[in-house]
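Biologist: I would like to learn how to read a model of this kind, feature by feature. Could we go through it together?

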Amino acid sequence: MCHIRAAGFILAILATLSIHTSTARAEAAGSVEQNFAGSLTALPAENLSVSGAFYVPVYSSVSMSAGRLRGDFSVTLSIHNASETRPLVLKRVAYFDTSGKMVESYLKTPVALKPFSTIEVFIAATDVRGGTGANFVVDWAATSEIAEPAVEALMVGSVGPGHYAFISQGRPIKLVGKN
């Protein structure tokens with residue numbers, strides 16, 4: 001019985017240590033343009049006649065134990081150009097918190113992804129600005145019909161001795177097609 005109490009006490013300490021209460025800023029190692037220069041190409045000169053948008057729910061924090069505990073997770077948003085032949089223009093990559101307030105915008109100007117290339121946005125587990133209902137909106141465009149991009153987020157974290165990882169897929173929120 002003593003061992004069970006000791007193990008429970010140790011688990012409680014580990015859970016407490018893994019739960020962050022500070023609101024740290026995102027650990028920005030550089031801009032999307034700098035970090036993924038190899039994935040980018042020049043913006044097309046032609047008119048962007050096709051466009052769409054994705055909504056991606058993410059969880060920088062998750063309520064646990066009937067709301068008494070909070071587990072914080074890192075978030076990696078990945079945006080994949082699923083076209084083998086055409087560039088994909090990203091017009092906006094914006095991060096919103098639980099109340100719908102924009103926390104951060106990750107593009108200063110539109111960027112174009114090479115065919116089959118990918119960019120990512122990383123949010124550290126210590127950055128809890130998004131909260132339990134955080135989300136991204138990704139606006140994209142192309143010069144003509146194109147394979148719809150793949151947009152998803154990977155959340156990774158640990159609570160006590162347990163490690164967790166899960167994926168959230170983006171959902172189209174704007175009709176894809178000619179403007």
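Biologist: Let us begin with Phe116: is this residue buried or exposed?

Modeller: The model is a predicted one, and in it Phe116 has a relative accessible area of 53%, which is over the 50% cut-off, so the residue counts as exposed. Phe116 sits in the loop between strand E8 (111-113) and E9, and its phi is positive, about 60 degrees, although the residue is not a glycine.

Biologist: How many helices and strands are there in the chain, and how much of the chain is buried?

Modeller: The chain holds 2 helices and 13 strands, and buried residues make up 42% of its 179 residues. The accessible surface comes to about 9,700 Å², with 58% of that area belonging to carbon and sulfur atoms. Among contacts with a separation of 6 or more, 79% are between residues 24 or more positions apart.

Biologist: Which parts of the prediction call for caution?

Modeller: The general idea is that where pLDDT is low, the predicted coordinates should not be read in detail. Here the average pLDDT is 84, and 81% of the residues score at least 70. Over residues 3-28, however, pLDDT stays under 50, and for this stretch the model has 30 contacts beyond four places in sequence.

Biologist: How should I read a pair of aromatic rings, and what is the case here?

Modeller: A pair of aromatic rings is described by the distance of the centres and the angle of the planes. With centres required to lie within 6.5 Å, the count in this model comes to 4 aromatic pairs. In one of them, Tyr59 and Phe166, the ring centres are 6.0 Å apart and the planes stand at 50 degrees, so the pair is tilted. This pair links distant parts of the chain, since Tyr59 belongs to the loop between strand E2 (50-57) and strand E3 (61-64) while Phe166 belongs to strand E12 (residues 162-169), 107 residues apart. Both partners are partly exposed, Tyr59 with a relative accessible area of 33% and Phe166 with 28%.

Biologist: Why is the pair of Phe73 and Phe166 called edge-to-face?

Modeller: The ring centres of Phe73 and Phe166 are 5.5 Å apart and their planes stand at 70 degrees, so the pair is edge-to-face. Phe73 lies in the loop between strand E4 (69-72) and strand E5 (74-80), and Phe166 in strand E12, so the pair ties together parts that are 93 residues apart in sequence. Phe73 is buried, with a relative accessible area of 3%. Through these ring pairs Tyr59, Phe73 and Phe166 are linked into a cluster.

Biologist: Why is strand E6 described as largely enclosed?

Modeller: Of the 9 residues of strand E6 (residues 88-96), 7 are buried, so the strand is largely enclosed by the rest of the structure. E6 pairs antiparallel with E10 over 7 bridges, with E8 over 3 bridges, and with strand E7 (residues 102-105) over 3 bridges. Tyr95 stands opposite Phe136 in E10 and also opposite Glu104 in E7, while Val89 stands opposite Ala112 in E8.

Biologist: Where do the hairpins of this model have a positive phi?

Modeller: In the hairpin of E6 and E7, which has 5 residues between the strands, Gly100 takes a positive phi near 90 degrees. E3 and E4 form a hairpin with 4 residues between them, and Ser65 in its turn has a positive phi of about 50 degrees. E3 and E4 run antiparallel and are joined by 4 bridges, with Val62 standing opposite Gly71 in E4.

Technical notes: Residues numbered from 1 in each chain as written. Predicted model: local features only at pLDDT ≥ 70, side-chain atom pairs only at ≥ 80, totals over all residues. Heavy atoms only, no water. Phe/Tyr/Trp six-rings, centres within 6.5 Å; stacked < 30°, edge-to-face > 60°. Buried < 20%, exposed > 50% of the residue type's maximum accessible area, 1.4 Å probe, protein only. Contact = heavy atoms within 4.5 Å. Areas by Shrake-Rupley, 256 points an atom, 1.4 Å probe, with all protein chains shown as cover. pLDDT = per-residue confidence, 0-100. Pairing = 2+ DSSP bridges.
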